[in-house]
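The sequence and structure come before the description.

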Amino acid sequence: MQFKSQAVAKPYFIAAIALFVGQILFGLIMGFQYVVGDFLFPEIPFNVARMVHTNLLIVWLLFGFMGAAYYLIPEEAETELFSPRLALITFWVFLAAGALTVVGYLAVPYATLAEATGNNMLATMGREFLEQPLPTKIGIVVVALVFLFNISMTVLKGRKTSISLVLLLGLWGLAVFFLFSFYNPSNLVLDKYFWWWTVHLWVEGVWELILGAMLAFVLIKITGVDREVIEKWLYVIIAMTLITGIIGTGHHYFWIGTPEYWQWFGSVFSALEPIPFFMMTVFAFNMVNRRRREHPNKAATLWALGTGVMAFLGAGVWGFLHTLAPVNFYTHGSQITAAHGHMAFYGAYVMVNLTMISYAMPMLRGRSANSPSAQVLEMWSFWLMTVSIVFITLFLTAAGILQIWLQRMGETPMSFMAAQDQIMLFYWLREAAGFVFLLGLVLYIWSFFKKGEVQTAA
Amino acid sequence: MSETFTKAMARNIFYGGAVFFFLLFLALTFDTVRGLPKRDHRENITDSVVRGKHIWETRNCIGCHTILGEGAYFAPELGNVYKRRGGEFIKAWIKSQPTGAPGRRQMPQFNLTDQELDDIVEFLKWTSEIDTNKWPPNIEG
Amino acid sequence: MTIDTITPDEILATPPGDLAIWFFIFAELLAFGVFFVAYAFARAHNVELFDESQRQLDISSGAINTLVLITSSYFMVRAVAAIKQGLSRVCARWIAAAIALGGIFLAIKLVEFHDKFSAGISLSTNTFYMFYLSLTIFHFMHVILGMVILAAVMLKARRGGYSAQNHTDVETGASYWHMVDLLWIILFPLVYVIH
Amino acid sequence: MDATQRTRFIRPCTYVWLLLMLLTVTTYLIGEAGLGGIAVMLAVLGTAAVKVQLVAGYFMGLRRTRWLWRGIVLGWLLLVTGLITIAYLTAIK
């Protein structure tokens with residue numbers, strides 16, 4: 001850790017992991033509600049648990065991105081952060097807004113929450129992933145602007161590298177596309193059309209820029225390969241990301257009332273979307289093989305390589321599985337979508353955050369890497385979490401295929417609930433895999449506290 | 001790769017490609033938005049439909065159901081439920097929830113007034129008439 | 001015709017111009033290739049509709065456009081040849097000529113689009129016109145992007161920015177422009193001619 | 001690059017250019033005459049393939065590079081024209 005102000009990243013990482021645990025707990029509640037329908041009803045109905053699960057996911061990933069930015073921007077720009085005090089203030093504002101929102105979801109019926117928070121004045125609630133009340137949405141915009149102001153000023157007064165530039169592009173893009181969550185027309189088709197501008201252009205557009213920048217930074221630090229080569233590849237990868245991802249939004253415009261040509265554009269370009277993820281995997285392995293130094297933090301290296309592979313598998317392969325229009329006609333809105341969602345989010349964005357945290361945390365605590373015994377623990381948690389996500393995805397894919405076969409094909413299709421009863425087995429198996437994931441996460445947290453002889457700060 | 005492939009050119013391709021495809025995306029968006037009225041019959045959006053959408057959102061129906069295939073996968077697709085069950089069934093179903101059957105998935109009781117029930121049915125009726133390129137594959141949704 | 005024989009020592013490790021543009025060229029070839037094949041298989045499902053709509057196309061303007069683009073592509077070959085001899089002003093003039101022909105291509109295309117749009121044809125008229133308009137508009141935008149690249153290279157060449165030893169950008173621009181021409185060489189017969 | 005090498009580079013490209021123009025005109029005439037059927041389709045598609053190979057080889061200069069780069073373009077060309085031919089054959093039946 002070369003600059004004092006990088007320490008401001010520490011609370012962000014700690015909050016990120018804490019919210020991550022919350023997300024997994026509510027995931028387990030929902031997983032159990034799939035098999036025992038009235039579990040915790042009416043105290044925590046499924047829709048409330050889902051809001052908390054998905055919102056905690058996005059909020060903890062944002063905390064992770066901000067922590068990563070506060071860690072790497074000063075180091076890239078070779079200057080102190082513009083205002084560490086501002087960063088800490090926005091940390092508490094964002095944490096408070098998040099906590100209040102979750103309490104609001106859990107304590108008050110959603111309709112009352114909407115009534116109380118000015119939803120009648122400007123209705124932006126009640127849409128998937130964007131359920132936050134208006135004050136929270138405004139709070140997110142304010143925090144984002146202050147955060148972006150803070151790191152942009154740091155880069156302006158310091159060295160401008162491609163990595164910090166790409167990271168800024170990704171983060172500014174994230175803020176800009178979040179503004180579409182305020183647009184909620186009464187025409188459902190228009191509402192959905194621009195809803196995807198926030199959701200898709202985030203996870204298959206600007207978030208991939210953030211993912212690329214973070215991964216490139218960690219790889220430079222771990223492998224010691226010179227910056228020119230890594231940044232060159234970074235640009236090629238994110239060029240392919242936007243070239244395929246922007247029109248790739250079309251694979252959400254097959255069945256929501258939009259014209260038929262989207263089925264051709266959406267299928268063709270989203271079929272090409274796995275290419276940048278494949279290039280990222282080749283890039284990661286290539287850099288590690290051509291490393292010029294043996295970095296003591298083996299766990300972070302494992303996370304970096306794992307990010308490439310799992311992002312390609314989850315977002316690339318499982319995405320391609322159901323992105324072509326004729327296939328999507330059957331899989332749209334089935335458990336196949338949920339399977340892709342789990343592995344894509346974990347493989348791409350959870351893992352890159354964990355890569356950053358497992359690389360930066362030791363540095364923030366004054367050592368170049370955790371003790372070997374702590375790193376072994378961390379590697380155990382890597383494999384437990386990754387393998388359990390693979391199994392969750394496999395079980396949900398099987399559930400999805402059976403659901404489609406029973407509910408949407410053949411002459412005597414079953415009703416939704418009848419089909420759900422037939423695939424209960426897979427939901428039980430998924431829940432079991434969920435507990436393995438929780439075990440992995442616990443090990444991950446424990447690895448930060450595990451004692452052992454420690455290397456000096458490199 | 002040797003220096004035959006420069007970072008400057010890669011950066012130009014990134015900026016060029018991003019702007020190019022975003023412009024193409026805006027053009028397609030313009031064409032879509034211009035052509036939508038014929039496909040979504042927006043002339044049928046009455047005040048009741050608008051209020052119905054507001055109820056759909058403020059009760060967080062998307063937290064369990066999918067509409068036009070998007071949302072949570074815990075409860076049935078409602079994009080074509082008006083065609084599948086009809087308005088009266090929908091109102092009766094909403095009023096009779098939760099079923100209380102042990103171990104079954106439960107839908108909360110929203111205590112909607114009759115006006116609100118009519119509105120939500122109007123919204124689901126309008127949604128079922130959108131031209132979704134013949135999705136879902138069958139009436140089960 | 002003297003096909004020039006390549007002496008083994010002349011074999012280059014990578015194609016002319018910056019290798020990054022070749023990543024982009026291969027990605028574009030892949031995207032267009034998938035669209036061409038999609039067009040062919042979509043036609044297989046409704047042959048009469050495609051043939052009938054195809055007859056309404058203005059084949060002569062398509063052919064002229066092919067000639068225009070091929071000639072423009074040839075001009076870029078002469079531009080590269082000129083800069084290899086260090087004649088950056090001559091090179092700039094050849095590029096200007098190539099851009100001019102690109103402009104003519106755009107003009108002819110705009111007339112064609114105007115006729116189609118004023119006849120009420122749009123992306124949603126039928127599957128053939130959806131493919132015809134998507135492919136030609138997608139290619140149209142590539143011609144514009146190509147002309148922007150060539151204009152940038154021309155300006156630098158006019159200022160003497162390139163020399164016999166350092167002219168990678170000219171070759172990069174030329175390679176992209178040749179790709180735009182190459183795609184049209186397939187697009188024209190596929191969409192306008194064969195049935 | 002001296003004069004002789006200049007001609008060795010430009011002269012073939014000029015011939016290639018004229019050949020491409022000629023092939024385009026023939027495709028145009030076939031199209032204008034409205035000829036259809038498998039034989040014509042294969043001929044026109046074949047002409048387009050030859051033209052692509054000429055542009056890639058001479059104009060793009062791939063003839064002077066390692067076989068890999070020409071192979072990529074040729075492979076792409078064969079795949080695309082092959083699939084188009086299959087599509088047209090299945091359509092005719």
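## Fold of chain B

Among contacts in chain B between residues at least 6 apart in sequence, 65% join residues at least 24 apart. Two residues are in contact if their C-beta atoms, placed from the backbone, lie within 7 Å. The model is predicted: local features need pLDDT of at least 70, side-chain atom pairs count only at pLDDT 80 or more, and totals for chains, interfaces and linings use all residues. Residues are numbered from 1 along each chain as its sequence is written, while chains are lettered from A and ligands numbered from 1 in the order in which they are written.

Five helices and two strands make up the secondary structure of chain B, in the sequence order α-α-β-β-α-α-α. Helices (H or I, at least four residues) and strands (E, at least two) are DSSP runs, numbered from the N terminus.

## Domains and dimensions of chain B

An automatic or database domain assignment divides chain B into domain 1 (1–40) and domain 2 (43–141). The C-alpha centres of domain 1 of chain B and domain 2 of chain B are 37 Å apart.

The C-alpha trace of chain B spans about 70 × 40 × 30 Å along its principal axes. The radius of gyration of chain B is 22 Å, whereas a compact globule of 141 residues would have one near 14 Å. This radius is taken over C-alpha atoms, and the globule rule is 2.2 Å times the number of residues to the power 0.38. Of the 141 residues of chain B, 43% are buried. A residue is buried if 20 or more other C-beta atoms lie within 10 Å of its own, exposed if 12 or fewer, and partly exposed in between, with C-beta atoms placed from the backbone.

## Contact between chains A and B

In this interface, 58 residues of chain B are in contact with 60 residues of chain A. On the side of chain B that touches chain A, α1 (7–40), α2 (47–58) and β2 (70–71) of chain B each supply at least two residues. The largest share, 17 residues, comes from α1(B).

By residue class, this side of chain B holds 27 nonpolar, 17 polar and 14 charged residues. Ala, Val, Leu, Ile, Met, Phe, Trp, Tyr, Cys and Pro count as nonpolar, Asp, Glu, Lys and Arg as charged, and the others, Gly among them, as polar.

## Contact between chains A and C

Nine residues from chain A and twelve residues from chain C form this contact. On the side of chain A that touches chain C, the elements giving two or more residues are α8 (227–248) and α9 (261–271) of chain A. That side of chain A has eight nonpolar, no polar and one charged residue.

## Backbone details

Where does A:P42 lie? A:P42 is in the loop between α1 (9–35) and α2 (46–77) of chain A, and the peptide bond from A:F41 to A:P42 is cis, with omega near 0°. In chain B, the peptide bond from B:W135 to B:P136 is cis, with omega near 0°; B:P136 is in the segment after α5 (114–128) of chain B.

A:E78, a residue other than glycine, has a positive phi near 55°. A:E78 lies in the loop between α2 and α3 (84–107) of chain A and is exposed, because 11 other C-beta atoms are within 10 Å. B:K134, also not a glycine, has a positive phi of about 65°. B:K134 is in the segment after α5 of chain B and counts as exposed because it has 9 C-beta neighbours inside 10 Å.
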